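Work through these exercises with the structure open beside you. Try each task before reading its solution.

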Amino acid sequence: MTGRGERRADDGPLDEALVDCVRRTGASGGGIYLLDEAAQVQDLVVLCGVPMETAQPWRRLPLSAAVPVNDAVREDRLIWVGSQAELARTYPRAAATLPYRLALAAAPLQGRRRCWGALLLLWPASHPANATRRERGHISSAARRIARVIEEAPQPPVVPAQPRLTSLASVAHAHGVPSPHAAADYLERLPEGALGMDLQGRIVLVTSAAQSLLGLEADRLLGTRPWHSLPWLDDAVVEDHYRTAVISRHPVAFTAVRPPDTRLEFRLYPDASGISVRITPATAPAPDELAAAGEAVASAPGRAAQAGRLYQLVHLAAALTETVAVRDVVEFVADQVLPAFGADGLVLSAADAGRLRITGHHGYDARTIDRLDGLPLDTDVTPAGQVLADGTPSFFSNVDDMARRYPRAPRISGKQSWAFLPLTVSGRAVGCCILSYDHPHHFSADERAVLTSLAGLIAQALDRARLYDATRDLAHGLQQALLPASLPALPGLETAARYLPASRGMDIGGDFYDVFRLDATNAVAVIGDVQGHNVPAAALMGQVRTAIHTSAGAPPDQVLARTNRVLADLETDLLVSCLYAHLDLARQEAVLASAGHPPPLLHHSGLTSGPLELDPGPLLGVDPDLTCPLTVLPLPPGTTLALYTDGLTETPRSDPEQAANDLARQLARHDGQNLDQLIDSLLRHGRPTGHYTDDIAILLLRTHPVSPDGADPPFGR
């Protein structure tokens, strides 16, 4: 479990490991993400070779987001993206906020005990589109070295409030360079202007000619970014040229006009240590001229650069398209919108039966939320009612602004400034989003415009999410009604089961299990998987379970054959896998039949464990004349049988047979645990990240002796 805090002295080895990795692999930049397994997110902790503003939207990533570093962790493999075109095709959200020619790789930080997160590396566009086998090996080895650094640290890694930025300057040049004075003298003798910038865009060197051409003295330029210190360069396109140069590592040229009519050409030459800028008078207008003569844009004090805000808005809009449930929308606003605008508090409410019901919050105590929850839509306690009534956002820069119109509002929370954003869809009030600050905050015109636009996107996402939640709750109720509420207690048999829906989608599927008694010593255990993850799959699952119950008591092959005929009568296009086991506890044996289902895992105390060898028939719904061979299995006391669906063993680019063998060894290793704990162990082994791409059902059976008086130790669920 990673904590959160300020930079510590022992962060150095991790930062050095990243710089060393970038140097060894020939990358132009990179970053390290740490996985928070409990919160199911990845946090960027250290960055090098990339502007911090560019990486800001990617500071905290829900593990469900479709981005390379998440796929690397979920699939436990190296992800290579060789070009911008491939990035746009496979990861459109990432491409929307990284519109640069580049190649990238993401590798899991797989340690001895767990996966610690992911390594991200970037290369300029000059890198070949395909990584060689040797290069992939270097990247994977570098990721393992970083994982060892994390594991060997004296304390668990800490996620800082903001990612750390470490310099690549120490690895930029391996050869000697002339003395600084000689280089400076050389530049001063040239008639053209020269600037030196670090990778974050700050000016670190300026020649006399550059001062003359830019019209500003060195003391007002050094340590600043050009688009901040020179109003006529405060344009989104200028910062984008700088970002393009840093990330692509390719020279970039553009023309700008210094008022009133001096046209200047800027040429940017980047490398791993910074950017050299050559400034010369332009002899003729250029197509990419940035501004007409005399035009100047003054920056509002303290506001972020326009380009940064533009990229943030594009990123936030793209990220909102991936939210599914109301919980996702709330987490998105708390994790990404609040940091993007420097806000400290959030209240997200939805209109419900004439009242504002709070669906999520951040930065408020429970007492405050209780006072705000359930206010009528036309409330005058806070601006929320008026904002919803006229659909116009309200911004309050300080307590006095708020108190003049709403005297009671400032006393509710103790916040110092607020943005009340109406959430409306097609003129219909959906809810209200409140961003608040612990200090007075001036809302610039640019910031108000971006927040207003973002509110419209949040409203659509929230409305869509509420509909999804309602549908999911209905489907979930249907599924819970179809699965057994509990498993029966039988002398000599211990049982436990678990169902887990896929991590994405409708949270409903066709996986099912059941155990039911036939008489005092006979029982049936069944597990199956209906194709699909939707309401029709769940409904068909219920019909299959009913058909099996109706035929229970017949030999297992006949039960499956009759169930297959029911599917044929239903004329469904869905296929079903099923494993049926008749348990005779008096004779200590089981008779099994399988219709295309994964074989169960078998463990006898003191003996080798592994998948049970049985001959499966075809899936239910394929052949009307289904025949399933029978398998007889001895069940002496101490036998553990694990029935499961394929979601536990089948993942992209994995070998299901090998995965089943690994699980069997895990079954033997933890045989002494009670069955619920054993299920936990199997799930952690099969899905270490807790991310399920398919539904999973597990049913465990364990036989044990019956005491002489017929009583049985507590078991069952």
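**Exercise 1: charges over rings**

Find what the charged end of Arg 114 sits over.

Solution. The charged end of Arg 114 lies over the ring of Trp 116, 4.3 Å from its centre. The term has cut-offs: NZ of Lys or CZ of Arg must be within 6 Å of the ring centre and within 35 degrees of the ring normal. Now take Lys 415. Its charged end sits over the ring of Tyr 364, 5.0 Å from the centre.

A note on the source: this is a predicted model, in which local features need pLDDT of at least 70, side-chain atom pairs count only at pLDDT 80 or more, and totals for chains, interfaces and linings use all residues. Residues are numbered from 1 along each chain as its sequence is written, and side-chain values use heavy atoms, with hydrogens and water left out.

**Exercise 2: aromatic pairs**

Classify the pair formed by the rings of Trp 227 and Tyr 242.

Solution. Start with the rule. Rings of Phe, Tyr and Trp (its six-membered ring) pair if their centres lie within 6.5 Å; planes under 30 degrees apart are stacked, over 60 edge-to-face, and the rest tilted. The structure holds seven such pairs. For Trp 227 and Tyr 242, the centres are 5.0 Å apart and the planes are at 40°, so the pair is tilted. Next, place the residues. Trp 227 is in helix H9 (residues 226-229) and Tyr 242 in helix H10 (residues 236-248), 15 residues apart. Helices here are DSSP runs (H or I, at least four residues), numbered from the N terminus. Both Trp 227 and Tyr 242 are buried, which is to say under 20% relative accessible area (1.4 Å probe, protein chains only).

Now classify Tyr 437 and Phe 443.

Solution. Their ring centres are 5.6 Å apart. The planes are at 80°, so this pair is edge-to-face. Tyr 437 has 0% relative accessibility and counts as buried. Phe 443 is buried too, at 2%.

**Exercise 3: a helix**

Compare the reach of helix H18 with its expected span.

Solution. H18 covers residues 535-551, 17 residues in total. Buried residues in H18 include Leu 540, Met 541 and Ile 548. After H18 comes Gly 553, with a positive phi near 105°.

How values were computed. Helices (H or I, at least four residues) and strands (E, at least two) are DSSP runs, numbered from the N terminus. Buried means under 20% relative accessible area, exposed over 50%, partly exposed in between (1.4 Å probe, protein chains only). The expected span of a helix is 1.5 Å times one less than its number of residues.
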